[in-house]
Every structure is written in structure tokens, then in C-alpha cells.
Amino acid sequence: MGTLILAVTSLLLYSVGTALQALHFRGRFNSNLAITTVIGALALISHGLLITQSVYHDGGFDFSFFKSSVLISWLIVVLLVGLNLRKPVQNLFLGAYPIAALTIILALITHAPSRLVSGDSYGMLSHIALSITAYSLFTLAALQAILLSVQNRQLKHNYNSLLVRNLPPLQTMESLLFELVWAGVVVLVLAIATGALFVEDLFAQHLAHKTVFSLLSLAVFVGLLIGRYTKGWRGMTATRWTLAGCILLMLAFYGSKFVLELLFQRAG
């Protein structure tokens, strides 16, 4: 199937999914688990086939700026569809689906130098896979933190607002946020460890700053977890720390890629 057809199909399914979630949020449509799962699964299949045609080519994987974004957004939706089977995360689709659609559009209309990693480089691929999984988990954590922040404000000013009525209890929202942070920290530690083992000469490969920002991000998230269990951090404090850690992690990945690949037209 052609790349354009797969892209249009994916965009259509993500648009339908977003519209149904928006109607569900406003109480005009009951988007139950079965409907959400089917639409999400169909979108993932189309999105996944698009990845096989755009990311994998010439015996390697292209991890350039926009191709990586398409892969990360696919994994975000994978994680979210899986989590939705047992956790109250349905409202996060309102953020995840548009992000996935945007990455597909940008990958179609823009160009960046290819950054091919050989399919035989298992160590490097394991490092990249863990890194992308960590980015995906922390993106979900950031979306959850934003929802938690808005929910906190609404509870103080308009207890019977539409948002408050549609979101799970505050304690459930906070517990889910910290579960995502915990999972992200574990995967990020593994990603950094595999990077230390399999990536040679960080400075020559323009990766030193990525490592620094990743370590800073890890320190922020570990500090958040320590604060949670020693001082009972929650609410806006947890939101600020989560968003700060996510910004550092995004700078580690996207900041360097943007400068090297898009500004200087070099492989990042």
C-alpha cells in the first residue's frame, strides 16, 4: 500500500478517534472501551505500516528528526491503548491522537537528512528502542500532569465543571502520574546504561549534550519520586517537576536533532 494512502488512512482514523473522544468528553457520545480499542488498533496498524515504509529502508532504520517523531508518536498510542485496558487514561487520547496526526503530516511535508542505523547494530538499536520508549512514557506523563494541573484549578474554582465530572478522582489521577514517572525512570536508566555500553565517542558523535540533558532529566524525575515518598509531594508540585523533567528530556532528543539536521542539514 502506498505511503500517501497509509498516511491519509492514519490521519482519518486519528481524526475520528479524536472527534469521538471529544464528544464523549462533552457527554454527547458514549465511547466505550470496545470502540476506543478498535479505533486505536486500526489507527496503529495503519500508522505501523506507514513506519515500515518510511522509517525502514536500505537495510537500516532512519532515525532522523521527523521519522523518529512518527515512530515515537506511534509508540505513545501503543502504550496508551494498552494502558486504557486497565487504567482510566481515556482522556489522554485527546492529546495523543492529535500529536500522532501532526507527526505524520510533518513527516510528509518536510525533509531532513537521513540518519540510518544498520539493522545489524543490535546494541545501538536496543539503546534507541529504550530511549524512544522512555520519551513516549514521559510524554504521556506530561499530558497527565497537564490534566492534573487543570483539574486542580477546576476543583478550586468550579467543582461541578465539565472537566471535573469527566476526570477520575484526583487521587487516582496522581497515582497514575507517578506510575508513569516510575516506569519512565526505569526505562530511561536502561536507555542511559545501554548508551554507555554501545555508543562510542559521545563527543565525536555530537551526543555529549544529549547525555547531559538526559542525566539532568533523570535527576529531576528521581528527585520528584524522592519528594513524593519523603515529603508527600503532589498536585502542582508534582506537575511542575514532571513538566520540567520532560522539557529537559525533549531538549536532549529534539534540541540536538533540530539544530544538526534542520539548521545545519547534518545527520544528528
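1. In what follows, Ala, Val, Leu, Ile, Met, Phe, Trp, Tyr, Cys and Pro count as nonpolar, Asp, Glu, Lys and Arg as charged, and the others, Gly among them, as polar. The model is predicted, so local features need pLDDT of at least 70 and side-chain atom pairs count only at pLDDT 80 or more, whereas totals for chains, interfaces and linings use all residues. Residues are numbered from 1 along each chain as its sequence is written, and side-chain values use heavy atoms, with hydrogens and water left out.

2. One cavity of 30 Å³ or more is counted, a cavity being a set of points, on a 1 Å grid over the protein atoms alone, where a 1.4 Å probe fits but cannot get out. The largest cavity holds about 30 Å³ of space, a volume being the space filled by probe spheres set on points joined across faces, edges and corners.

3. Gly17, Leu20, Gln21, Ser31, Ile35, Thr36, Ile39 and Tyr97 line the largest cavity, where lining means having an atom within 4 Å of a point. Helix H1 (3–25) and helix H2 (33–54) are the elements that give two or more residues to this lining, helices being DSSP runs (H or I, at least four residues) numbered from the N terminus. The lining of the largest cavity divides into four nonpolar, four polar and no charged residues.

4. The second largest pocket, an open set with protein on both sides within 12 Å along at least five of seven lines, has a volume of about 300 Å³. Of its 15 lining residues, Ser69, Ile99, Thr103, Met250 and Tyr254 are the closest to its centre.

5. Helices H3 (65–84), H4 (93–109), H5 (122–157) and H9 (235–263) each supply at least two residues of the lining of the second largest pocket, and H3 gives the most, with six residues. Eleven of the residues in this lining are nonpolar, four are polar and none is charged.
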